[in-house]
Amino acid sequence: MYQFEFHRPKSLAEAAALLEANEDAKALSGGQTLLPTLKQRLASPSDVVDLSAVPELKGISVSGDTVTIGAFTRHVDVAKSAEVAKAIPALSQLAAHIGDPAVRNRGTIGGSVANNDPAADYPSAVLALNATIHTNKRTIAADDFFKGLFETALDAGELIVKFTFPVPKRAGYAKFPNPASRYAMVGVFVAETASGVRVAVTGAGPGVFRAKEIEAALAGSFSAASLDGVKVPSAGMNSDMHGSAEYRAHLVTVMAKRAVAAAG
Amino acid sequence: MTAHTGIGAAVRRKEDFRFITGAGRYTDDINRPGQAHAYFLRSPHAFARIKKLDTAAAAKMPGVVAVLTGADVQADKVGGLICGWVLKGKSGEPHKAPPHPVIALDHVRHVGDQVAVVIADTLAQARDAAEAIVVEYEPLTPVIDLRRALEADAPQVHPEAPGNLCYDWEIGTPKSEVDATFAAAAHRVSLDLVNNRLVPNPMEPRAAVGEYDRGTDELVCYSTSQNPHVLRLILCAFILGIPEHKLRVIAPDVGGGFGSKIFCYAEETVCVWAARKLGRPVKWTSDRSEAFMTDAHGRDHITKAELAMDANGKFLAMRVDTIANMGAYLSTFATAVPTYLYGLLLAGQYTTPQVHCNVRAVFTNTTAVDAYRGAGRPEATYVVERLVEAAARHLKVDPAELRKRNFVPPDAFPYQTPVVVAYDSGNYANTLDEALKLADYAGFPARKAEAAARGKKRGIGFSAYIEACGLAPSAVVGSIGAGVGQWESAQIRFNATGSVFVNTGSHSHGQGHETTFAQIVSDRLGVPIDQVEVVHGDTNRVPMGMGTYGSRSLAVGGSAIMKACDKIIEKGKKIAAHLMEASVDDLEYEHGIYKVAGTDKSVPMAQVAFTAYVPFNYPPGLEPGLEESAFYDPSNFTYPSGVHIAEVEIDPDTGITTIANWTAVDDFGNVVNPMIVEGQVHGGIAQGVGQALLEGAVYDKDSGQLLTGSFMDYCMPRADDLPSFNVGMTHTPCPHNPLGVKGCGEAGAIASPAALMNAITDAIGTEIQMPATPEKVWRAIQANSSAQAA
Ligand SMILES: Cc1cc2nc3c(=O)[nH]c(=O)nc-3n(C[C@H](O)[C@H](O)[C@H](O)COP(=O)(O)OP(=O)(O)OC[C@H]3O[C@@H](n4cnc5c(N)ncnc54)[C@H](O)[C@@H]3O)c2cc1C
């Protein structure tokens, strides 16, 4: 780790001001990505702004058809929330299978979505459920938020405050974990929502994306059987020592079927 | 009391209390007054010439004590790292031993090679300063692939090893005879096998602290070593040129080694050298990334293996041609692992009358390869047991039946194999039968059908392994190139109040010696187990030792302890006879009590011990004190054997392999602590499963970058990758050591890869290479189904 100034602001305004004032400042949420990066000296922020004491970023609430989750909500809290489990069970199951207990006890939804790791789980839920990302400046629709490999619509210094998820008719998530890291090698989130069937795929490509072929097949009938023979093109998918693009493309259909089955 | 804690009792491990309550004391827990920290600048290139190395700016950074380079090492006449086993090739010439500098001189030869070391007040300062070192490299084309290394136009890793060849070695039946048998045989099977490269990854990374006492001119090296006395010998006699009595090596609690901590590495050498040079203790602790790049890796063979059989499936001959990777430099025992620890085991449990094995060892621009749990024997078992199963498929004979047709029968021991070694004892068919029962082999077809109904492919696979442990008769290993003898030593000292110190030259780094060895002594001397203290891991407390590897600790170290116990008992007899006014010849000894035969007179060992130190009423002429030393040099290796049966279920949609059942029946001879033995079996299976399904060090074949440089990409086995194991045991005692024990530490890792890969082959009908990743399995299934459709 290199030297940096450490701050623990007590309000959203104070946190935003610190990030605005220092161009090379970094927000620290659960630290599960940022701290390893710092330890390996792959980043050298001038200031680290710890979000753990910012009250505006916390809490889970369900009202009517909307689940609201603060950015500084740990994976374990989403996984264990009875309200989330009732409203969107697929979301709590997703959270329960991120990393390992140590990661879930510190990692947060805001950190995960802001980071937009191409193999992270949450982005698929945010995109498939057509969630809205609320920042300290504006609201951003999920379809406009993810810009590929670690890129998002967030401006420098802009903070995610919370997410609002419309409650779907039904939804399911199936993940093929990378055997080593247990991030998603392919994760497919399927949702039947007010605006139709939405299917988001993580792990397979350079960033989370909607699988149009799967969506089209499920729009006809929301059943695993309707995905028989559906092929997703492998062009542009990731290829590495854990899995070729062709294998990943194949897994997208397999995992989509399992996600549909899980959605019930 | 001794009835419940002696030989054969599942005594809870004495050491666990300190380990699980965080009171263990590992090398990184040791901090000496005035200590400075070492940070190694490492090569980012697989192969490069160092054009320029400028440390001036780094030396001026805050907190820096010194920046040392290969030139400083040379100036101080510090020698290079050594390979302690001289391997003679086919034509009698010794292996090529290119220089292995402690810090690189003009070339770097693998990613992670040491370029310079910064020693500073804090680790962070040392790291900061390392970034200020200016290095100009001229990158060279590396050679990574084993076959490529042997091609005529391949880049040359060392000028001293033309063609990248370290040695070309053979063993066994003359090749021409084996070839003739193959030509005439009714059946032949052949396999191309890859034994994947593994990164050991013990929980505790390597670490060292060097300390120098100017007043006494003595050095101390705290180190995560599996064999502190051998480390002392190598550091003193071969590298640093200091007298052995001036260096104390302490290997305190060590958190796993699996072979990777046997060797003498650059980093502890630098800590000791720099501590003396700078007059300050110097500490280094590897981080995980460094461990991936610099701990000696394991395995890494490619092999063509062939088996010839007669019309009835009797094995006639085996022909094995292997290329083994040495990496960029020779590690301490690298040459012996793919030769004597491999070729000598290729007869397996079978009567195959002819075996020929040829091994070419090559240099590549990768991390050094050396012994890793099993060391050569897992590779041998993998060759033999994959071949046998391929033969069973070829002949359409049940694989258990084919093995029985070819086993060395129980009345054939001692059994001379065609590859030098003579097995001491065994009952292989008996062990296989036990395993078949425990695995419910008869019920397998029903389980397979049930799985098929669920859309899953179920397969079963065997591995009947043999290993040579208890290393080793010194004269034998000396005749084949070893640089050290392989005896073990023990000292037993009674205190006046009846408690006992047991010094052993074995080293425990997870094996539970403090319990097992205490059980032997408690059993033999009749001392309560909590009165027995096993001392190990300190060259100043334990006079001599050869350390722990090759499942040798109980068979060799335990035998030395038994010998020392016998000497104690003999001396005690004289004291007891005097106390009871009886003749020594009339005395009987049992479980800590001396009795006069045929009378009710008796004296306990505790009273004898007290008398030895308070010799008021004492045999005239006898020395006071009760303390004995013993060395034990085994007369043969021990040959543990066993059968593992893996049963897998494969999801054809994803290619994921799930282990449904695992049966292990091992013959370790007599067992001192069955709980510890079972734990060793569990851990060994986990590592073997890791090799077969999950692990594999991958280098980029062009750049030589280690692609699996962290746990994000290198997949270690986890608890949920494994089923509960069915563990059984048979006991054919070792006839040539006093405990009748054979060794159990490596068996699981030796047996399991072949069993698992055979099960996968059975399920999918195709041979694939380790690790059997889901994609490989899925592709094999796809290829099969399209072949069937066509
Ligand atoms: C061993 C391990 C296994 C893992 N496995 C998985 C897995 O299986 N699936 C998975 O999805 N993830 C996995 N993760 C990632 C983990 O779940 C975290 O979600 C992720 O590391 C980021 O969340 P964090 O709260 O730790 O963010 P941090 O590391 O604190 O921050 C990450 C980035 O986001 C920025 N940031 C943080 N909060 C905000 C905010 N409110 N607004 C704007 N920017 C912000 C930070 O500045 C930083 O750039 C794993 C991590 C580890 C270490």
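## Close-up views of a predicted model

**View 1. The ligand sits between two domains of chain A.** Domain 1 (5–50) and domain 2 (58–263) of chain A both give residues to the shell around the ligand, so the ligand lies between them. Keep in mind throughout that this is a predicted model. Count the residues around the ligand and you get 29; those that come nearest are Ala27(A), Gln32(A), Thr33(A), Thr108(A) and Asp121(A). Sorted by class, the shell is made of 13 nonpolar, 11 polar and five charged residues. Two elements of chain A, strand β2 (25–28) and helix α7 (109–115), each supply at least two residues of that shell.

View 2. Start with Thr33(A): a polar atom of its side chain is 2.4 Å from an oxygen atom of the ligand. Next comes Asp121(A), where a polar side-chain atom lies 2.7 Å from a ligand nitrogen atom. With Ile160(A) the backbone takes part instead, as one of its N or O atoms is 2.9 Å from a nitrogen atom of the ligand. How much of the ligand does the protein bury? On its own the ligand exposes 970 Å², and the protein buries 90% of that.

**View 3. Arg198(A) is a buried charged residue in a strand.** Look for Arg198(A) in β11 (residues 196–202) of chain A. Its relative accessibility is 4%, and because buried means under 20%, Arg198(A) counts as buried. A polar atom of the Arg198(A) side chain lies 2.8 Å from the backbone oxygen of Leu127(A).

**View 4. Helix α16 of chain B is mostly covered.** Here we move to chain B and to α16 (residues 513–525), a helix of 13 residues. At 1.5 Å a residue this helix should span 18 Å, and its end C-alpha atoms are 17 Å apart, which agrees. Of those 13 residues, 12 are buried. Among them are His513(B), Glu514(B), Phe517(B), Ile520(B), Val521(B), Asp523(B) and Leu525(B). An α-helix has 3.6 residues a turn, so residues three or four places apart point the same way. Just past the end of α16(B), Gly526(B) has a positive phi of about 70°.

**View 5. Chain B has cis peptide bonds in two loops.** One of these bonds runs from Phe413(B) to Pro414(B), with omega near -5°. Pro414(B) belongs to the loop between α12 (399–406) and β16 (415–416) of chain B. Another cis peptide bond links Leu471(B) to Ala472(B), again with omega about -5°. For Ala472(B), look in the loop between β18 (457–466) and α15 (474–479) of chain B.

**View 6. Two non-glycine residues of chain B take a positive phi.** Asn164(B) isn't a glycine, yet its phi is near 60°. You'll find Asn164(B) in the loop between α6 (146–149) and β7 (165–172) of chain B. Is Asn164(B) buried or exposed? Its relative accessibility is 0%, so Asn164(B) counts as buried. His591(B) isn't a glycine either, and its phi is positive too, at about 45°. The loop that holds His591(B) runs between β22 (587–590) and β23 (593–596) of chain B. With 46% relative accessibility, His591(B) counts as partly exposed.

Definitions and conventions:
Residues numbered from 1 in each chain as written. Chains lettered and ligands numbered in written order. Predicted model: local features only at pLDDT ≥ 70, side-chain atom pairs only at ≥ 80, totals over all residues. Heavy atoms only, no water. Near = heavy atom within 4 Å. Polar contact = N/O pair within 3.5 Å; in protein donor to acceptor, adjacent residues only side chain to side chain. Areas by Shrake-Rupley, 256 points an atom, 1.4 Å probe, with all protein chains shown as cover. Helix = DSSP H or I, 4+ residues; strand = E, 2+ residues; numbered from the N terminus. Nonpolar A, V, L, I, M, F, W, Y, C, P; charged D, E, K, R; others polar. Domains from an automatic or database assignment. Expected span 1.5 Å × (residues − 1). Buried < 20%, exposed > 50% of the residue type's maximum accessible area, 1.4 Å probe, protein only.
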